[in-house]
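Colleague: Let us go through this model together. I will ask, you answer.

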Amino acid sequence: MAKHRIAVLPGDGVGNEVMEAARMVLDKLQLDAEYVYGDIGWEFWCKEGDPLPQRTLDMLRNTDCCLFGAITSKPKEEADKELDSSLKGLGRVYFSPIVRLRQEFDLRTNLRPCRAYKGNPLNYKDDIDLVVFRENTEGLYAGIEFHPVPGELMDTLKRLHPKTKKFDGTDVGDIALSCRFFTRQACRNIVRDAFEYAKKFEYPTVTVVEKPNVIRETSGLMVREARKIAQEYPGIDLWETNIDAMCMWLIKNPHDYGVLVSSNMFGDILSDLCAQLVGGLGFACSGNIGDDYAVFEPTHGSAPKYTGQYKVNPIAMLLSVKLMLDWLEEAESAERLEKAIAAVIGAGRVRTYDMGGAHTTLQMAGAVGDLLE
Ligand code: IPM
Ligand code: MG
C-alpha cells in the first residue's frame with residue numbers, strides 16, 4: 001500500500017493542464033503515493049445540478065489530502081441558464097465548490113506564501129517575502145445572506161439596533177443582507193497559526209490586517225484576540241494595520257512586512273495583491289488547511305480563454321504541490337521541489353507567456369522535473 005493517498009480534482013479549464021504538470025513533478029519525485037481522481041466543476045453543475053457531487057465528498061473522506069486544479073464559476077443568471085433542462089426550476093443554487101470544500105472539511109486556515117523568486121521578470125521588487133494567513137470558513141464567506149430580508153429578521157434588527165432607522169420606509173425586497181460572522185475561536189486559530197509560522201521561520205512581525213475603526217465588532221474581535229495571543233510570543237511584534245492602508249503600504253514598502261493575518265474577505269483581497277507583487281496569479285499557491293485534512297490549489301482559476309492551449313504557468317500549481325509535501329511531512333521532497341522551481345525561474349531559459357516567453361505548461365513542468373532526477 002502506498003504511504004499517502006492523494007485525491008486529485010483537476011476541475012475545469014486549465015485546471016486539467018496544470019494538474020498534468022503537477023503529476024509530472026510528483027512522478028519525478030517518486031512520492032510514495034496513490035492518486036485518486038474525482039469529479040468536480042462546471043460540467044457536473046450543468047449535468048447533475050451539483051458541481052461537487054456527494055460521491056466526490058465521500059471519496060475525499062477516504063484520502064489524506066487533496067490537490068485541486070481550478071473551477072469555473074459564473075454569476076447566478078448564467079449558472080441557471082446552463083443547467084440541464086430537467087434540473088431547471090428545482091431551486092438548485094450554484095455555490096462555489098472550493099468554498100464548500102473549505103467549509104465541509106473545516107479547512108480553517110488558508111495559507112498563501114508569496115515569495116519573489118530571484119530572476120522572475122515579473123517581480124514587482126526583488127526579495128519580497130510575504131505570507132498571508134486568511135481565515136477560511138467564516139466572515140462574509142459563511143454564505144448567510146438574504147434578499148429580500150425576511151420581515152421577521154428586519155423587525156428584530158429594528159428593535160435591537162438604532163442604526164436600522166436608516167432603512168425605515170425601504171421595502172425589504174429592496175434590501176440585501178450578507179452577514180459577517182466572526183467567532184472568537186476562529187480569530188484565535190488563525191492568529192495563532194500566523195504566530196506559529198512566524199516563530200518557526202523566524203519572521204520578526206505578524207501584521208493583523210482588519211478595519212476595527214469602522215467595523216468595530218468583527219474586525220475589533222480579531223484585533224483584540226490578536227493582542228492577547230501576541231503576548232505568548234515575546235520575540236515577535238504584532239503590527240495592526242487597516243486593510244485599505246495595508247494595500248497602499250504593500251505597494252510602497254513591501255519589504256517591511258512578513259506574515260500577514262486577516263479574515264476571509266480581506267484575506268482574499270490581500271492575497272491577490274501580494275500575489276501580484278511576486279509575479280501574479282501564475283505564482284500564487286495556496287493550502288487550505290484543517291486539523292485533519294487539507295486541500296492545495298493554485299489560486300488562478302480556470303482561465304477559460306486559455307483552455308486547451310497548455311499556455312498557463314504551472315508554477316502556482318507546483319508551489320501548491322510543495323505546500324502539500326510540507327503538510328505530508330515530506331520535507332526533503334518539498335525542499336527539492338522548491339529549489340528546482342527557484343532554479344528554473346532563476347536560469348531564465350524556460351518562460352511561459354506571462355513571463356514573456358513561449359514555453360508551454362508542460363515544458364515548464366518538464367524543466368522543473370529535469371532538476372529532480
Ligand atoms: C480564492 C478565490 C476564491 C475565493 C473564489 C474562486 C471563490 O478567489 O481562492 O482566492 O474567493 O476564495
Ligand atoms: Mg481570491
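Predicted model: local features only at pLDDT ≥ 70, side-chain atom pairs only at ≥ 80, totals over all residues.

Colleague: Which class of aromatic pair do Phe133 and Tyr197 form?
Modeller: Rings of Phe, Tyr and Trp (its six-membered ring) pair if their centres lie within 6.5 Å; planes under 30 degrees apart are stacked, over 60 edge-to-face, the rest tilted. The structure holds 10 aromatic pairs. For Phe133 and Tyr197 the centres are 5.3 Å apart and the planes are at 70°, so the pair is edge-to-face.

Colleague: Which elements does that pair link, and how many residues apart are Phe133 and Tyr197?
Modeller: Helices (H or I, at least four residues) and strands (E, at least two) are DSSP runs, numbered from the N terminus. Phe133 lies in strand 5 (residues 129-135) and Tyr197 in helix 7 (residues 184-200). The pair links distant parts of the chain, 64 residues apart.

Colleague: Is Phe133 buried or exposed?
Modeller: Buried means under 20% relative accessible area, exposed over 50%, partly exposed in between (1.4 Å probe, protein chains only). Phe133 has 4% relative accessibility, so Phe133 is buried.

Colleague: Why is the pair of Phe296 and Trp327 tilted?
Modeller: Phe296 sits in strand 12 (residues 294-298) and Trp327 in helix 11 (residues 315-327). Their ring centres are 6.2 Å apart. The pair is tilted because the planes are at 55°.

Colleague: How far is the charged end of Arg23 from the ring centre of Tyr35?
Modeller: A charge sits over a ring if NZ of Lys or CZ of Arg is within 6 Å of the ring centre and within 35 degrees of the ring normal. Arg23 sits over the ring of Tyr35 in this way, and the distance is 3.9 Å.

Colleague: Which residue has a side-chain N or O atom 2.6 Å from an oxygen atom of ligand 1?
Modeller: A polar contact is a pair of N or O atoms within 3.5 Å; within protein, one must be able to donate a hydrogen and the other to accept it, and residues adjacent in sequence count only if both atoms are side-chain atoms. Arg134 has a polar side-chain atom 2.8 Å from a ligand oxygen, and for Asp268 the value is 2.8 Å. The residue at 2.6 Å is Tyr141.

Colleague: What is the phi of Glu329?
Modeller: Glu329 lies in the loop between helix 11 and helix 12 (331-347). Glu329 is exposed, with a relative accessible area of 69%. Its phi is positive although Glu329 is not a glycine, near 60°.

Methods: Residues numbered from 1 in each chain as written. Chains lettered and ligands numbered in written order. Heavy atoms only, no water.
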